[in-house]
Amino acid sequence: MVTQVEHESLSSELQSAIKGDVLTDALSRGIYATDASLYQIEPLAIVLPKDSEDIVEVTRIAREHHVPLIPRGGGTGLAGQTVGRGIVVDFSKYCNRILEINAEEHWVRVQPGIARDALNTKLEPFGLHFAPDPATSSRANVGGMIGNNSSGTKSILYGKTVDHVIELDVLLSDGTQLKLIPHSPVQYDLKCKKQDREGEIYRGVKSLVLDNQKEIEKRFPKVMRRVGGYNMDELTGQEDWNLAKLIVGSEGTLGSILEAKINLEKLPKAKGVCLAHFQDLGESIRAVQRIVKHRPAAVEIIDDTVIRLSRENLTTARSCHVVQGDPAAVLIIEFYDDTHDKIQARAHSLIEELRQAGLGYAFPIHPEGEAYRDVWTIRKKGLGLMLGMKTDKKPIAFIEDAAIPLEHLPDYISEVRAVCDRH
């Protein structure tokens with residue numbers, strides 16, 4: 001427990017050492033006590049670092065005062081990852097620059113505080129994008145996406161953030177700075193021979209992985225969207241090792257990200273969505289296994305609660321013309337391809353299969369354009385609308401990103417709903 005005197009000493013030292021902003025007033029601590037989760041823990045102080053030197057300084061001060069350090073970006077996580085009784089370091093105000101774009105090799109080097117959509121706006125003229133696409137992409141910082149191993153709506157096609165991280169510059173709690181890059185076995189062994197903190201870490205990780213390789217391969221879940229750190233399974237069965245993969249998903253517990261070099265994908269030439277309407281939620285869930293066989297870029301659900309709230313909200317009501325009737329749920333099925341004709345053909349093939357199976361009642365197709373954007377507006381605004389409901393009962397986000405094999409998905413949803421109904 002930090003005493004009042006210790007708190008004042010901590011605040012004073014931060015104010016004198018940091019070039020960026022140091023916030024210790026009650027209002028700021030109240031604001032940063034919350035994120036998108038249901039948790040509320042007031043921090044001791046908030047630092048908005050100006051540059052890497054500030055991050056080094058705040059890390060030193062936190063270490064000397066034995067105070068936790070909590071890296072934070074947009075605060076969009078639902079599991080309380082960015083709140084705590086310590087020093088919150090918010091990268092989003094100043095540490096948000098693009099440092100280098102290599103369009104030919106399809107990578108970009110960025111500071112951790114840049115928002116995903118802001119980055120992609122700058123990349124669009126190059127015909128490239130950073131592909132992981134969480135629903136909060138307009139606010140989610142790239143550093144936070146790395147900490148959370150974000151996946152998002154396009155994970156069927158592009159995988160998770162860990163699949164796109166190439167290099168990380170990381171600051172450890174003891175002040176050690178590491179550049180984590182892919183290493184061949186020979187290069188990795190050379191790192192292990194170093195008689196410093198870096199060599200100690202490389203030796204320790206190697207021993208940990210090799211001693212437990214069978215357990216790691218046996219026990220880590222074999223599902224596409226497993227994002228619970230630490231990613232030890234990224235190092236088993238691989239010839240080249242990249243310790244940056246361990247930082248991904250570690251939620252700031254292993255170090256602070258100073259810079260990130262990340263992979264970019266080509267923007268699709270044509271995009272379109274099929275909006276499948278269902279009279280029953282269970283029916284929409286049962287349809288998913290059939291849908292994924294048609295290689296969509298995304299399959300996202302919007303239930304009747306989000307549809308109702310969207311129709312009642314001034315900012316989203318105009319987008320709701322894309323929803324026909326009063327479905328219990330709609331599935332947004334997105335396709336990427338070389339031409340809109342190919343997308344139409346793939347969508348019609350899917351619709352025919354769903355109709356033959358007696359699944360769904362309406363299947364409008366929207367190529368990229370205004371209606372297409374309206375579909376995604378409803379999806380992206382849904383969580384905010386639910387969390388902002390002005391009623392005595394409010395939804396609580398207590399399950400984040402459950403990862404369920406598709407063959408078990410209908411039973412899982414049914415059983416979770418039954419538990420919620422009982423309580």
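Visitor: Where is asparagine 149 found?

Guide: Asparagine 149 is found in the loop between H5 and H6. Helices (DSSP H or I runs, at least four residues) and strands (E runs, at least two) are numbered from the N terminus. This is a predicted model: local features need pLDDT of at least 70 and side-chain atom pairs 80 or more, while totals for chains, interfaces and linings use all residues. Residues are numbered from 1 along each chain as its sequence is written, and side-chain values use heavy atoms, without hydrogens or water.

Look at the backbone of asparagine 149. Its phi is positive, about 50°, although asparagine 149 is not a glycine. Most residues other than glycine have a negative phi. Asparagine 149 counts as buried because its relative accessible area is 1%. The scale runs: buried under 20%, exposed over 50%, partly exposed in between, with a 1.4 Å probe and protein chains only.

Arginine 295 also has a positive phi, about 55°, and is not a glycine either. Arginine 295 lies in the loop between helix H11 (281-292) and strand S13 (298-303). Arginine 295 has a relative accessibility of 60%, so it counts as exposed.

Asparagine 149 also lines the largest cavity, along with Asn148, Ser150, Ser151, Arg225, Val227, Asp401, Ala402 and Ala403. A cavity is a set of points, on a 1 Å grid over the protein atoms alone, where a 1.4 Å probe fits but cannot get out; lining residues have an atom within 4 Å of a point. Points are joined across faces, edges and corners, and volume is the space filled by probe spheres set on them. The count comes to 1 cavity of 30 Å³ or more. The largest cavity holds about 50 Å³ of space. Its lining has 3 nonpolar, 4 polar and 2 charged residues. Here Ala, Val, Leu, Ile, Met, Phe, Trp, Tyr, Cys and Pro are nonpolar, Asp, Glu, Lys and Arg charged, and the others, Gly among them, polar.

Stay with the loop between H5 and H6: lysine 154 sits there too. Lysine 154 and aspartate 133 meet in a salt bridge (2.9 Å, N to O). The two lie 21 residues apart, with aspartate 133 in the loop between S7 and H5. A salt bridge needs a side-chain nitrogen of Lys or Arg within 4 Å of a carboxyl oxygen of Asp or Glu. Both aspartate 133 and lysine 154 are buried.

Aspartate 133 has another partner. Its side chain meets that of arginine 116 in a salt bridge of 3.5 Å, N to O. Arginine 116 is in helix H4, 17 residues from aspartate 133. Arginine 116 is buried, like aspartate 133. These contacts belong to a network of salt bridges that links Arg116, Asp117, Asp133, Lys154, Glu334 and Lys380. The structure holds 34 salt bridges.

Now the space beside this network. The second largest pocket has a volume of about 850 Å³. Closest to its centre, among 27 lining residues, are Arg116, Asp117, Asp133, Lys271 and Lys380. A pocket is an open set with protein on both sides within 12 Å along at least five of seven lines. The lining of this second largest pocket has 9 nonpolar, 6 polar and 12 charged residues. H14 gives the largest share, 6 residues.

Follow the chain past H14 (370-387). Isoleucine 396 is found in the loop between H14 and H15 (409-422). Isoleucine 396 is exposed because its relative accessible area is 53%.

One more salt bridge, elsewhere in the chain. Aspartate 54 pairs with lysine 19, the closest N and O atoms being 3.6 Å apart. Aspartate 54 is in helix H3 (52-64), and lysine 19 is 35 residues away, in the loop between H1 (4-17) and S1 (21-23). Aspartate 54 counts as buried because its relative accessible area is 1%. Lysine 19 has 46%, so it is partly exposed.
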